[in-house]
Amino acid sequence: MGGQFSTLIDSHDALTSGIKPFIRLGLTINRFKEQILNYFKHHITNAAVEGINNKIKTLKRQVYGFRDMEYFKLRLYHLHRTRYSFAG
């Protein structure tokens, strides 16, 4: 399976195209090729961790100025139960 995806992620054409955005894309693909192929091999991402980090940053902005660190900790522990949705 890795060989199939490896041939799909061939940046040679992009690098030799002479078009600056394509060259940049080819360099980026080369830099992250192993990580891209690992996703197809293991089907694991860090999306859940990134989501939790985003929730923590949002909470930090909401409680900015609060002096009670214990309250912040309680809100942090309760964070996994909170569901966010887009307004509008």
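Mentor: One term before anything else: a residue is buried under 20% relative accessible area, exposed over 50%, and partly exposed in between. Keep in mind that this is a predicted model.
Trainee: Fine. Is F40 buried, exposed or in between, then?
Mentor: F40 has a relative accessible area of 27%, so it counts as partly exposed.
Trainee: How many aromatic pairs does the whole structure have?
Mentor: A search of the whole structure finds 1. Y39 and F40 form that pair, with 5.3 Å from centre to centre and 75° between the planes.
Trainee: What is that geometry called?
Mentor: Edge-to-face. The cut-off for that class is over 60 degrees between the planes, so 75° falls in it.
Trainee: Let's back up. What is the protein built from, helices or strands?
Mentor: There are 5 helices and 0 strands. Along the sequence the pattern reads α-α-α-α-α.
Trainee: Which residues make up α4 and α5?
Mentor: Helix α4 covers residues 47-62 and helix α5 covers residues 69-78. Their axes come within 11 Å and cross at roughly 145°.
Trainee: Is that crossing left-handed or right-handed?
Mentor: Right-handed.
Trainee: Which residues meet there?
Mentor: From α4, I56, L59, K60 and Q62; from α5, F72, R75 and L76. By class, that contact has 4 nonpolar, 1 polar and 2 charged residues.
Trainee: New topic. Where does D13 sit?
Mentor: D13 is in helix α2, which spans residues 12-15.
Trainee: Buried or exposed?
Mentor: D13 is exposed, because its relative accessibility is 59% and the cut-off for exposed is over 50%.
Trainee: How far is the C-alpha atom of D13 from that of I23?
Mentor: The two C-alpha atoms are separated by 8.8 Å, and the residues are 10 apart along the chain.
Trainee: What about the protein overall, how much of it counts as buried?
Mentor: Of its 88 residues, 9% count as buried. The protein exposes about 8,000 Å², and carbon and sulfur atoms supply 59% of that area.
Trainee: Last one. Of the contacts between residues at least 6 apart in sequence, what share joins residues at least 24 apart?
Mentor: That share is 32%.

Definitions and conventions
Residues numbered from 1 in each chain as written. Predicted model: local features only at pLDDT ≥ 70, side-chain atom pairs only at ≥ 80, totals over all residues. Heavy atoms only, no water. Axes fitted to C-alpha atoms, helices over the stretch in contact; angles between N-to-C directions. Helix = DSSP H or I, 4+ residues; strand = E, 2+ residues; numbered from the N terminus. Left-handed = near helix turned anticlockwise from the far one by under 90°. Contact = heavy atoms within 4.5 Å. Nonpolar A, V, L, I, M, F, W, Y, C, P; charged D, E, K, R; others polar. Phe/Tyr/Trp six-rings, centres within 6.5 Å; stacked < 30°, edge-to-face > 60°. Buried < 20%, exposed > 50% of the residue type's maximum accessible area, 1.4 Å probe, protein only. Areas by Shrake-Rupley, 256 points an atom, 1.4 Å probe, with all protein chains shown as cover.
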